[in-house]
Structure formats: structure tokens, C-alpha cells
Amino acid sequence: MTAARFLRTALPALPLLAAAAYAAPVVSTYGPFRNRAMPRLSGRGRPDHVALTFDDGPDPLSTPLFLRLLDERRVHATFFLLGNQAVRAPGLVREIAAAGHEIAVHGWLHRPLLLRGPRATHDDLARARDTVGDLTGRTPRLFRPPYGVMSTVAHLAARRLDLTPVLWTAWGEDWRARATPESVHRTVTADLRGGGTILLHDSDCTSAPGSWRATLGAVPRILDTCAMRGLSVGPLQAHAVDPL
């Protein structure tokens with residue numbers, strides 16, 4: 001095959017190849033595959049420990065109730081904050097940090113990174129990281145993408161910004177309007193194993209209105225189940241075999 005013929009054959013396929021390369025990390029969205037093949041991205045850690053994480057806050061209505069509950073149970077967690085939520089409640093961001101919880105970022109806006117270009121992705125993550133860092137006095141090191149969907153560009157931007165992506169191994173489907181404390185507990189514990197990371201939401205800003213109430217009711221049950229299984233619970237920074 002001549003070079004000219006090769007180019008005529010290959011050039012039409014290049015946009016498709018580029019799109020495939022850009023979206024390839026989306027396979028990590030599929031939990032069973034991610035948990036087996038990508039333990040670090042899934043947040044797998046010490047087999048005697050479970051990481052408790054919350055997304056989409058801070059929310060002045062709901063987050064303080066979670067902080068109170070966690071304080072009563074003497075448990076720390078990791079809060080993946082949205083930048084646009086953080087600037088609306090800066091005092092609450094500082095309160096989360098002062099209570100000893102780990103602060104991480106969930107981006108500036110809760111929009112799929114797969115649909116955003118390189119500049120927009122980088123700027124979104126950088127703005128969230130810098131804003132939360134300024135509020136707490138400590139630059140966040142962990143990042144969770146909205147909807148748990150990564151792209152090649154998101155991985156590259158996170159690396160440049162010294163952010164480590166972390167997803168989860170168990171979630172409560174607590175964003176649904178029909179969620180109840182019982183359903184959230186049942187869904188989390190069905191997939192819960194030592195070394196796992198739990199995803200919950202302390203805000204309903206991207207979920208069904210009031211759905212956080214089901215989560216709040218489920219947390220004590222989840223903590224009790226972990227205790228019954230001999231698993232300690234804490235933030236991701238106390239969880240990883242190798243520090244994230």
C-alpha cells in the first residue's frame with residue numbers, strides 16, 4: 001500500500017480514533033470491572049478499614065446534620081466538595097475541616113467531564129482546588145469526577161494539578177426520590193467489603209429534593225454494620241495501603 005493510499009484510508013477514521021481515546025477511561029464507570037481491574041481508582045485500601053465519603057456539599061441545610069452525627073459517632077469522613085457550593089458556604093467548609101474531616105474536590109460544577117474540552121476541564125478542577133484550598137488553608141489532594149465519569153483529558157488535568165482521582169466500591173443510590181434509610185443501607189452493605197470506599201451524598205443539590213434525609217437515616221445503620229463486621233471507618237487518608 002502506498003503512503004497516499006494509506007492516508008486516504010486512515011484519515012477518515014482519525015476522528016473516531018481520537019474520540020475513542022478521549023472517552024476510553026469511561027470504562028472505569030462500570031463498578032464491577034473497576035473494582036477488579038482498578039483498585040486504586042476504586043479507593044481500595046486496608047482490608048480492616050472502610051472509607052466513608054460524601055459528595056455534592058457543602059449544604060447549609062443538610063451538611064451540619066451529618067457533621068453532628070459523625071461527631072456523635074466519633075467518625076471522620078472524606079467530603080468531596082463542589083466549588084460552586086463551597087463559595088456559598090465558606091464558613092461551613094471551614095467547619096468541616098475544623099472537625100477533622102478530610103476535604104477533597106468534586107469539581108467546580110457538577111457537569112460531566114466527558115463532554116468538556118481540555119481547557120474547560122483543567123479550569124474547572126483548578127478553580128475548585130484553589131478555592132477550597134484557600135478556604136481551608138490546605139490544598140486538596142483527592143478528586144472525584146461528577147457522575148464518576150473520567151476522560152483522558154480529566155486524568156491529564158488531575159495529574160498536572162496534583163489531584164488523585166478516587167471513585168468508590170459501594171454506593172447507596174441515595175440520590176433517588178424513592179430512597180429510604182433502609183434501601184440506602186441495604187444497597188451499600190450488599191457491596192461492602194473490607195478495604196472498600198462508600199459513596200453517599202450530604203446534599204441534594206444534584207439529587208432528588210430531600211433525598212439527603214434517607215442518607216442521614218442510613219449512616220448509623222451502615223456504621224453499625226461495619227462494626228459488626230469488624231471494620232473500622234474513616235476518611236480516605238487513613239484508608240489507603242499506599243497514601244493517596
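This report describes the salt bridges and the cysteines of the structure shown above.

## Basis of the model

The model is predicted, so that local features need pLDDT of at least 70 and side-chain atom pairs count only at pLDDT 80 or more, while totals for chains, interfaces and linings use all residues. Residues are numbered from 1 along each chain as its sequence is written, and side-chain values use heavy atoms, with hydrogens and water left out.

## Cysteines

The structure holds zero disulfides, a disulfide being a pair of cysteine sulfur atoms within 2.5 Å. Cysteine 226 has a relative accessible area of 0% and is buried, whereas cysteine 205, at 35% relative accessibility, counts as partly exposed. In these terms, buried means under 20% relative accessible area, exposed means over 50%, and partly exposed lies in between, as computed with a 1.4 Å probe on protein chains only.

Nine salt bridges are found in the structure, where a salt bridge is a side-chain nitrogen of Lys or Arg within 4 Å of a carboxyl oxygen of Asp or Glu. One of them joins the side chains of arginine 119 and aspartate 123, at 3.0 Å from N to O.

Both residues belong to helix H8 (residues 118-136), and because they are four residues apart there, arginine 119 and aspartate 123 are separated by about one helical turn. Helices (H or I, at least four residues) and strands (E, at least two) are DSSP runs, numbered from the N terminus. Arginine 119 is exposed, with a relative accessible area of 65%, while aspartate 123 is partly exposed at 35%.

## Salt bridges between distant parts of the chain

Arginine 141 and aspartate 162 also form a salt bridge, and their closest N and O atoms are 2.9 Å apart. This pair links distant parts of the chain, 21 residues apart, with arginine 141 in the loop between H8 and strand S4 (142-143) and aspartate 162 in the loop between helix H9 (152-160) and strand S5 (164-165). Arginine 141 counts as partly exposed at 41% relative accessibility, and aspartate 162 counts as partly exposed at 46%.

A further salt bridge is formed by glutamate 182 with arginine 221, for which the closest N and O atoms are 3.2 Å apart. Here the linked parts of the chain are again distant, since glutamate 182 lies in helix H10 (residues 181-190) and arginine 221 in helix H11 (residues 212-228), 39 residues apart. Glutamate 182, at 40% relative accessibility, counts as partly exposed, and arginine 221 counts as partly exposed at 35%.
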